[in-house]
Structure formats: structure tokens, C-alpha cells
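Hi there,

Here is the structure I promised to pass on to you.

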Amino acid sequence: MINVDITEQGVKTGSDIRKAAVKAAKAAAKLEGKSGDVSLLFTDDDNIRRLNKQYRDKDSVTDVLSFPSEEEGFLGDIALSLPRAAEQAREFGHSEEREAAFLVAHSMLHLFGYDHETEEQEKEMREKQREIMKKAGYEV
């Protein structure tokens, strides 16, 4: 079982986007056999840029950030830029809900310890993301 605590900062999220994000988080947890709590922040570009600078020393806007936790029962934090997700959805020609689900799926894998530093790791993450998206009801 997974619990997703959603917070908004500087944005107003539609219920369809929140539902898509939760579906992706639950599908990821089920695929990996994980349970626990996840904190999901929907925010704007300014706030995600600040977080990126503060925690990764990168002074740039990004679509999503993942902060794994070592605390028992708490998987970690995810921060998602809603404007960036909307822009990417337009670029890729799919819905904002699908893009939010994909970004959450990607971030959940980071919370579970996956990374994409090497070509092999990136391939494994892509395969897992496809499985999660399919389980969440989105074709990739």
C-alpha cells in the first residue's frame, strides 16, 4: 500500500492531474513490491529552480526532482513543475495528465534506487517506466 500526500505551491492542480500522478505512484509501488508514504509537491518553475539550486547546485528549471528517504516507511519526496509538465505535454503531443503520470513514474523509480547514469541503467529505467505507465493505464 502506498499513500501519496499532495501539496501545491504556486500552482493550482486539476483533479485529473492529481489522479494520474497517484495512479502512476501506485503502479510503480506495486510493480516494485514497495509500500510507504510519498510526498508529492506540484509547484511552479521558480520554486523548482530554487529547489534544484539548493539541493543539486543546478541553477535551472527542471521538470521533476526526486529526493529518496532513508526513513522507515517514508519513500521520499517528489517535486514536479506543473508549467514544465504542461509545456512538455504540448511538445510531445499528449495530455498533461499523461505527462504528470510519466514524471511521477520516473521519480518513483529514483525513490526506489534506480538511476540513469549509464546507458544500461537508462535502458532499465525506460523499460520500468513503460511497465508502470501501462499498469497506470497510459500507453507509452
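Let's start with Asp 59, which counts as partly exposed because its relative accessible area is 46%. On this scale, buried means under 20% relative accessible area, exposed means over 50%, and partly exposed is in between, with a 1.4 Å probe and protein chains only. The areas themselves come from the Shrake-Rupley method with a 1.4 Å probe, and for residues only the protein chains shown count as cover.

Before going further, please keep in mind that this is a predicted model: local features need pLDDT of at least 70, side-chain atom pairs count only at pLDDT 80 or more, and totals for chains, interfaces and linings use all residues.

**Salt bridges**

Which residue does Arg 49 form a salt bridge with? The partner is Asp 59, and their closest N and O atoms are 2.9 Å apart. Arg 49 sits in helix H2 and Asp 59 in the loop between H2 and E3, so this pair ties together parts that are 10 residues apart in sequence. Helices (H or I, at least four residues) and strands (E, at least two) are DSSP runs, numbered from the N terminus. Arg 49 is partly exposed, because its relative accessibility is 35%.

A salt bridge here means a side-chain nitrogen of Lys or Arg within 4 Å of a carboxyl oxygen of Asp or Glu. The general idea is that side chains of opposite charge can pair when their charged atoms come close. How many salt bridges does this rule give? The count is eight.

Another one joins Asp 57 and Lys 53, at 3.3 Å from N to O. Asp 57 is exposed at 60% relative accessibility, whereas Lys 53 is partly exposed at 39%. Some salt bridges share partners, and Glu 8, Lys 12 and Arg 18 are joined into one network this way. Lys 12 is exposed at 69% relative accessibility, and Glu 8 is partly exposed at 29%.

Asp 57 has one more feature to look for. It is found in the loop between H2 and E3, and its phi is near 55°, a positive value in a residue other than glycine.

**An aromatic pair**

A pair of aromatic rings is described by the distance of the centres and the angle of the planes. Rings of Phe, Tyr and Trp (its six-membered ring) pair if their centres lie within 6.5 Å; planes under 30 degrees apart count as stacked, over 60 as edge-to-face and the rest as tilted. By this rule there is one aromatic pair. Tyr 55 and Phe 67 form it, edge-to-face, with 5.2 Å from centre to centre and 65° between the planes. The pair links distant parts of the chain, as Tyr 55 is in helix H2 (residues 45-56) and Phe 67 in strand E3 (residues 64-68), 12 residues apart. Tyr 55 is exposed, with 51% relative accessibility.

Asp 45, in helix H2, is partly exposed at 25% relative accessible area. Asp 45 and Pro 83 are 38 residues apart in sequence, but their C-alpha atoms are 6.6 Å apart in space. Is Thr 62 buried or exposed? At 17% relative accessibility, Thr 62 is buried.

Ala 105 lies in helix H4 (residues 96-111) and is buried, at 0% relative accessibility. Ala 105 and Gln 129 are 24 residues apart in sequence and 6.1 Å apart from C-alpha to C-alpha.

**A charged patch**

Lastly, Glu 119, Glu 120, Glu 124, Glu 127 and Glu 131 gather in a patch of negative charge on the surface. Patches are made of residues with over 30% relative accessible area and no salt bridge; like charges are joined within 9 Å, and nonpolar side chains (Val, Leu, Ile, Met, Phe, Trp, Tyr) within 5 Å. Lys and Arg count as positive and Asp and Glu as negative, while His and the chain ends are not counted. Each charge is placed at NZ of Lys, CZ of Arg, CG of Asp or CD of Glu. Glu 131 lies in helix H5 (residues 119-135) and is partly exposed at 38% relative accessibility.

Happy exploring!

Terms used: Residues numbered from 1 in each chain as written. Heavy atoms only, no water.
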